[in-house]
Amino acid sequence: MKAIVIEGFGDPAATIQLKELPDPPAPAPGEVTVEMLVLNINPSDLLQIQGLYGVSKPPLPFIPGGEAVGRIAAIGDGVSGLAVGDIVSPMILNCWVERVNIKAHLAMKLPADIDLLQASMIKGNPATAEALLMDQVKLQPGDWLMQNAANSAVGTFLVKLAAERGINTLNIVRRDSAVEGVREAGGTAVTADALDDARAFRKTARELTGGAPIKLALDAIGGGATAVLANALADGGTIVNYGLLSGEQCRIDAQHLIFRKVTLKGFWLIHWFTDAGRERVAATYASVARGMAAGTLTTPVAEVIPFEEAKRAMAAAGEGGRTGKVLMVTKAYSG
Ligand SMILES: NC(=O)c1ccc[n+]([C@@H]2O[C@H](COP(=O)([O-])OP(=O)(O)OC[C@H]3O[C@@H](n4cnc5c(N)ncnc54)[C@H](OP(=O)(O)O)[C@@H]3O)[C@@H](O)[C@H]2O)c1
């Protein structure tokens with residue numbers, strides 16, 4: 001079987017290798033074999049291949065890929081609640097393989113008729129949006145939050161979820177062509193102006209919110225973008241950084257932290273799985289699966305590329321200004 005293997009860190013399109021590896025053996029007791037169908041490429045995957053993700057670099061060699069959807073191909077002894085043919089999202093971080101054995105409890109069963117392209121994106125972004133919206137700061141209908149990279153998959157989910165709950169969103173994108181999509185998703189206000197000028201953005205934010213206090217800022221970019229958010233946030237407000245798309249550490253002037261009681265904290269979905277508890281996590285995924293089935297919680301797909309052309313897929317996923325996600329499909333999907 002084929003797998004993407006990383007033997008050194010660097011530009012993903014140049015670094016990844018598609019290697020022939022032995023098929024996994026029959027699953028051990030308590031395990032299942034998952035045949036991968038659709039493999040998602042997220043910014044975190046690209047950062048990890050560059051050695052820029054997490055606290056430390058993963059030991060080499062490793063198989064990347066944080067997200068995919070597959071089909072159960074074999075079941076080990078003692079596994080209940082799963083059957084051959086079930087569609088699952090594997091809760092593992094080495095998804096870019098054709099087949100893999102995993103512990104049965106790491107196979108999240110999905111509805112049989114779920115759209116497979118959408119299902120390959122179910123694990124990370126929708127739950128992140130839900131957790132950022134509901135589990136950081138208590139917001140009431142009518143309150144305001146702001147976010148950057150608002151046209152990303154996370155950002156667009158968040159806009160939709162906030163609109164359903166009557167929470168106002170001030171959305172920042174980095175290009176004019178992304179404004180309309182965020183507006184259509186339900187964004188209360190959207191701007192592509194004054195992104196690197198903190199003072200100008202504060203003025204824009206006041207105009208767009210009518211001067212309402214902004215209690216929560218969601219930062220996917222880091223660097224100077226964090227400072228821009230801090231300057232427009234209400235006193236006592238919270239910035240949650242959950243990504244470093246700029247490749248730079250968050251910058252924030254200490255005067256916000258000391259004199260304006262602004263809080264800067266981080267969010268990682270992996271911690272949320274533990275912090276939120278089993279019931280909240282299960283309810284979130286059930287609700288997301290319903291939204292996907294209904295077509296309300298979907299992510300645009302820019303390109304679907306065969307797994308064999310993974311280098312091309314990496315290059316496409318690394319492009320700015322994409323119209324949606326870049327996904328890879330295995331022969332099992334096509335066949
Ligand atoms: N902490 C967590 O647990 C967690 C979980 C899921 C996702 N995330 C993070 O959420 C963020 C969005 O992920 P996604 O999968 O939703 O993204 P996505 O759909 O792939 O979209 C990428 C977004 O990033 C913007 N972007 C790319 N490079 C940028 C740069 N240098 N400066 C500013 N903006 C840039 C793009 O803008 P254009 O469209 O203009 O190119 C686009 O809005 C990422 O940082 C990801 O790591 C974090």
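User: What should I know about numbering and pLDDT here?
Analyst: Residues are numbered from 1 along each chain as its sequence is written. The model is predicted, so local features need pLDDT of at least 70 and side-chain atom pairs count only at pLDDT 80 or more, while totals for chains, interfaces and linings use all residues.

User: Ok, which domains does the assignment give?
Analyst: Domain 1 covers 2–121 + 299–334, and domain 2 covers 130–270. Those bounds come from an automatic or database domain assignment.

User: How many residues does each domain put into the contact?
Analyst: Domain 1 gives 6 residues and domain 2 gives 5 residues, where contact means C-beta atoms, placed from the backbone, within 7 Å.

User: And what separates their centres?
Analyst: The centres, taken over C-alpha atoms, are 30 Å apart.

User: Switching to helices: at what angle do H4 and H10 pack?
Analyst: H4 (residues 125–134) and H10 (residues 269–276) pack at about 60°, with axes 11 Å apart. Helices here are DSSP runs (H or I, at least four residues), and strands are too (E, at least two), numbered from the N terminus. Axes are lines fitted to C-alpha atoms, for helices over the stretch in contact, and angles run from 0 to 180 degrees between N-to-C directions.

User: Which residues meet there?
Analyst: Ala127, Thr128 and Ala131 in H4 meet Leu269, Trp272 and Ala276 in H10.

User: What about strands E12 and E13, parallel or antiparallel?
Analyst: E12 (residues 238–241) and E13 (residues 263–266) pair in the parallel sense over 4 bridges; pairing takes at least two DSSP bridges. Threonine 238 stands opposite threonine 263 in E13.

Technical notes: Two residues are in contact if their C-beta atoms, placed from the backbone, lie within 7 Å.
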